[in-house]
Structure formats: structure tokens, C-alpha cells
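Dear colleague,

My findings follow directly after it.

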Amino acid sequence: MIKSLLADLDFSAEKKHTYVLLLSAPVLLSLYYYHGAPSRFLEYFPSFVNEENTALYGHYWQFLCLFVLVGMLPFFYWVGVMKAPLTQLGLGLGDWKKGLLLVLILVPLMVVPLIWIAAGMPDIRGEYPMFRALYQKPQLFWRYEIAYILLYYVAWEFFFRGFLLFGLARDRDMGATNAILIQTISSCLIHLNKPESETLASIATGIILGVITLRTRSIWYAFVLHASVGVLTDYFVLLRTGGIF
């Protein structure tokens with residue numbers, strides 16, 4: 001019976017990689033969900049319980065877990081198993097003129113005003129900044145945000161807009177449209193414990209950033225847009241609630 005079920009599957013080298021890419025989303029994101037929470041840090045490293053910045057280290061742990069799980073592991077699979085060129089992951093500048101123009105237009109005209117409005121919403125204020133101690137220790141803002149950008153957002157864009165999007169788009173049967181939808185669905189599901197407005201917005205954002213990434217042939221413009229959303233959300237929430245400056 002098992003043989004008959006498997007008989008309809010294509011086990012060519014290209015399809016095997018497609019199956020791995022598809023399964024990487026539920027497997028790696030589940031591991032991150034269960035082991036990457038900041039609260040897990042003290043479970044794994046109880047000696048830090050009395051450290052002054054324990055809460056900050058918890059978020060460093062969160063960001064590092066995402067970086068390892070959806071950044072490093074897919075990277076090594078791409079270069080070590082698939083043996084595909086890194087240029088096919090969108091790690092270059094691609095069409096930098098188009099990408100730079102999009103960033104210069106979208107950040108001031110869309111990202112800034114929309115995030116300013118979102119920062120006034122109670123559910124967003126209840127979620128961000130994730131590092132709640134920033135209300136008492138605003139001097140730690142950039143220590144937190146730099147790790148947020150370099151570990152969390154780099155890994156996020158590499159996985160969803162690089163590994164999944166470009167990897168699945170390589171499959172002739174999958175195509176670009178399906179690749180965009182799959183990475184959008186995957187990135188949306190990891191938002192399910194976030195505010196409803198953010199989760200719903202992640203669907204449109206996933207599609208838009210997916211299109212931008214394919215059109216520019218680079219993940220870096222989506223990275224700048226996405227990271228600016230995260231940092232500005234934290235900054236505007238703190239600014240509007242008197243938690244900073």
C-alpha cells in the first residue's frame with residue numbers, strides 16, 4: 001500500500017529538494033516556537049537568573065534561535081546539499097536601482113505613517129516592544145534593536161524570501177506565484193500569537209515583499225522594509241507612550 005502511494009510521487013533530485021524546502025517551514029518554525037521563546041533562556045541557562053539584563057539576554061536567545069534554525073541550517077543545506085549558487089538565493093544586490101527606488105518611496109510614504117498609526121493601537125502597544133524592560137531602560141534600545149535587525153530580520157528574510165521563495169520558484173511545476181503564496185502562508189502562521197491586526201497585515205506584507213524580492217532578484221530591499229517596520233514600531237510605541245525621550 002505504501003509503495004502504491006509513493007509511486008505517484010516524483011523523487012527526482014529537483015523534487016526531493018522541493019519536498020525538503022516545503023517541510024522545512026513546519027519543522028524549523030515549530031522548533032523555533034517551542035524552543036526560541038525568551039522564557040526558555042533561563043530554563044537552559046539558569047545561572048543567568050540574577051543577571052541585571054537577564055530579560056535582554058532572553059531576547060538575544062530568541063533572535064539567535066531564529067538565526068540558527070531558519071538562517072544557518074537552510075544556508076548549509078543550500079550550499080552543502082543542493083550545491084546551488086548563492087546568487088540564486090537573492091543575496092546579491094540584484095536590480096539595485098529598482099530596489100533602492102522602492103525603499104526610498106515606501107519607507108517615508110507608507111511604512112512611517114502606517115506604523116505611526118499602528119503604534120496608537122492598544123493591541124500593538126500590548127505586544128511591542130517585545131523587550132518590555134525598555135520602558136524602564138530606554139538606554140538599552142539600540143543594544144536590543146541591533147540584535148533584532150542583524151539576527152532576527154536577516155534570518156527571517158533569508159528564510160522566507162530567500163530559501164523558500166527562490167528555492168521553490170526554481171521548481172518548474174511550482175512557479176513564482178505558488179512560491180510567493182507558500183512563503184506568505186508560512187510567515188503568516190508564525191504570527192498567530194501576535195495581535196490580530198498584525199497577523200492579517202502579514203498576509204498582504206508577505207505577498208508584497210515576495211513580489212518585490214522576485215522583481216529585484218534580491219532579499220535586501222524586503223529586509224530593509226521589514227526591519228524598518230519592526231524598529232519603527234518599537235520606537236513609535238515608546239515615543240507615544242512616553243517610554244523614550
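Helix H5 (residues 96–118) bends by about 45° at Val 107, and a proline, Pro 108, follows within four residues. The bend is the angle between axes fitted to the seven residues ending at a residue and the seven starting there; helices are DSSP runs (H or I, at least four residues) numbered from the N terminus. Val 107 is itself among the buried residues of H5, which also include Gly 99, Val 103 and Leu 106 (buried: under 20% relative accessible area, 1.4 Å probe, protein chains only; exposed: over 50%). The buried residues of H5 pack against helices H6 (122–127), H9 (196–216) and H10 (220–240), with contact meaning heavy atoms within 4.5 Å.

This is a predicted model, in which local features need pLDDT of at least 70 and side-chain atom pairs pLDDT 80 or more, while totals for chains, interfaces and linings use all residues. Residues are numbered from 1 along each chain as its sequence is written, and side-chain values use heavy atoms, leaving out hydrogens and water.

In the loop between H6 and H7 is Pro 129, joined to Tyr 128 by a cis peptide bond with omega of about -5°. Most residues other than glycine have a negative phi, and most peptide bonds are trans.

Yours sincerely

Key:
Helices (H or I, at least four residues) and strands (E, at least two) are DSSP runs, numbered from the N terminus.
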